[in-house]
Amino acid sequence: MNLEPKFKIGDTVFQARGEQTRIWITCPECCGDGWLRVILGDDSQVSIACVCCERGYEGSPGRISTYVFSADVHATQVVGTESELRNGVLHTCYKFNGGYTTDELDVFATREYAQIRSNDIVREHSEEETKRLGYKKNQAKTWAWNVSYYRKMIRDAQKSIDRATAHRSEERRVGKESR
């Protein structure tokens, strides 16, 4: 069994990477409007803020962020190695200038092999990102749940306003009578 790492300190290697660039695209749920129109059981329509593109205090701007990935092969020099034996197999992480490390799966002796791995990394990340874009922020909640939840919040808030208004009116009435 060979317990030596594939590359040694000082070796020049090619690191396979998948670079990412953040871009903004039209929200696939609200089509850029920021609102969803929902038809209720009585055929009335309500609009709700789109929770897919919602960004806290900014509301729902109708756009979501995603990433575009590109393959990158970087020639660099090994400045350190960290190896451990797992189930009889040697696993090595390589350290490079700048303080970053890379698993041995992404380090190669030739640019060509690194390019092949880099293309695979880009494909994997792109598939994950495409999958992510197909999901609402909270998959456990349906759009119908969102509509009913926020309509209930509106009804509860209206009841609270009505109670406060009635209470304030009563205070004014009692205040006038006591004078």
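Trainee: Which residue takes a positive phi in the hairpin of strand 2 and strand 3?

Mentor: This is a predicted model, where local features need pLDDT of at least 70, side-chain atom pairs need 80 or more, and totals for chains, interfaces and linings use all residues. Numbering starts from 1 along each chain, and side-chain values use heavy atoms, without hydrogens and water. The two strands (DSSP runs of E, at least two residues, numbered from the N terminus) have 5 residues between them. In this hairpin, the positive phi, near 70°, belongs to Asp-43.

Trainee: Which strands form the edges of the open sheet of 5 strands?

Mentor: Let's follow the order, 6-5-4-1-7, with antiparallel pairing. Inside it, 15 bridges join strand 1 (residues 12-26) to strand 4 (residues 63-86), and Ile-25 stands opposite Ile-64 in strand 4. The edge strands each pair on one side only: strand 6 and strand 7.

Trainee: Is Asp-106 buried or exposed?

Mentor: Asp-106 lies in the loop between strand 6 (101-103) and strand 7 (107-108). Its neighbours, leaving aside residues up to four places away in sequence, include Phe-14 and Ile-121. Buried means under 20% relative accessible area, exposed over 50%, and partly exposed in between (1.4 Å probe, protein chains only). Asp-106 has 15% relative accessibility, so it counts as buried.

Definitions and conventions
Helices (H or I, at least four residues) and strands (E, at least two) are DSSP runs, numbered from the N terminus. Contact means heavy atoms within 4.5 Å. Two strands pair if DSSP finds at least two bridges between them.
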